[in-house]
Amino acid sequence: MSQNDLILDYDGNNVCITIKSKVSLAHRIFLISSNLSFLGMAVLAVVFRMPAVAFAAIIFFAFFLRYSLWKLYGRERLTINKRLVTYRHSCLFFKTDLQTRQVGKKITVIPYELYGRQSPKMVNVIFETCNVNNVPENVYEFSLPVRVEQAEMISYMLSLLYLNKVNFDFNRTKLCLN
């Protein structure tokens, strides 16, 4: 499993997380060559007038093209503030609609499903919050895995978001004069 690119940004009010899919050269070559072979099968089936084979090859090509575009150019963008989680997936020129979910009192990061025993270990991340009835619910789940250290960094950024900043200013104390 290759490491995906993770970009974290914290501006004091929002935590912005962007994950870009990254695959090895061998995987890229396999994806492109298999797409070309399915396309070639579809063209040959149309030329030789075999409609069932042409239909099957076009269906395989469409599903595999979607998977290939996600693996080669996929990107998840997630913005979290104290009240909302906003996310969008995109790959090349395809983008999903912007989705927004409400957050309860606090959002927590749960890493799960370790991939392999080699280093670095990869995990998927779930963002969980409590709803109005104080029942935990999943707000968002990454589809691209990240390293354990990156999951800890995401958790740290969210703890900064919910950190209560207490600022003592003794210059503005009230004076009680009798």
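This is a predicted model: local features need pLDDT of at least 70, side-chain atom pairs count only at pLDDT 80 or more; totals for chains, interfaces and linings use all residues.
Residues are numbered from 1 along each chain as its sequence is written, and side-chain values use heavy atoms, with hydrogens and water left out.

A quick word on terms: helices (H or I, at least four residues) and strands (E, at least two) are DSSP runs, numbered from the N terminus. Two strands pair if DSSP finds at least two bridges between them.

| Partner of E4 | Bridges |
|---|---|
| E3 (residues 74–80) | 7 bridges |
| E5 (residues 94–95) | 2 bridges |
| E6 (residues 99–102) | 4 bridges |

E3 and E4 are linked by a hairpin of 3 residues. Across from Lys 95 in E5 stands Ser 90, while Val 85 has Arg 101 in E6 as its bridge partner.

Now for the largest pocket, at about 290 Å³. On a 1 Å grid over the protein atoms alone, a pocket is an open set of points where a 1.4 Å probe fits, with protein on both sides within 12 Å along at least five of seven lines; lining residues have an atom within 4 Å of a point. The volume is the space filled by probe spheres set on the points, which are joined across faces, edges and corners.

Which residues line the largest pocket? Among them are Tyr 67, Trp 70, His 89, Ser 90, Phe 94 and Lys 95. Helix H2 (51–73), E4 and E5 each give two or more residues to this lining, and H2 gives the most, with 5 residues.

Finally, two loop residues. Most residues other than glycine have a negative phi. Arg 49, though, has a positive phi near 55°, and sits in the loop between helix H1 (25–47) and H2. Asn 134 has a positive phi near 65°, in the loop between strand E8 (122–130) and strand E9 (136–141). Are they buried or exposed? Arg 49 counts as exposed because its relative accessibility is 75%, and Asn 134 is exposed too, at 52%. Exposed means over 50% relative accessible area, buried under 20%, and partly exposed in between (1.4 Å probe, protein chains only).
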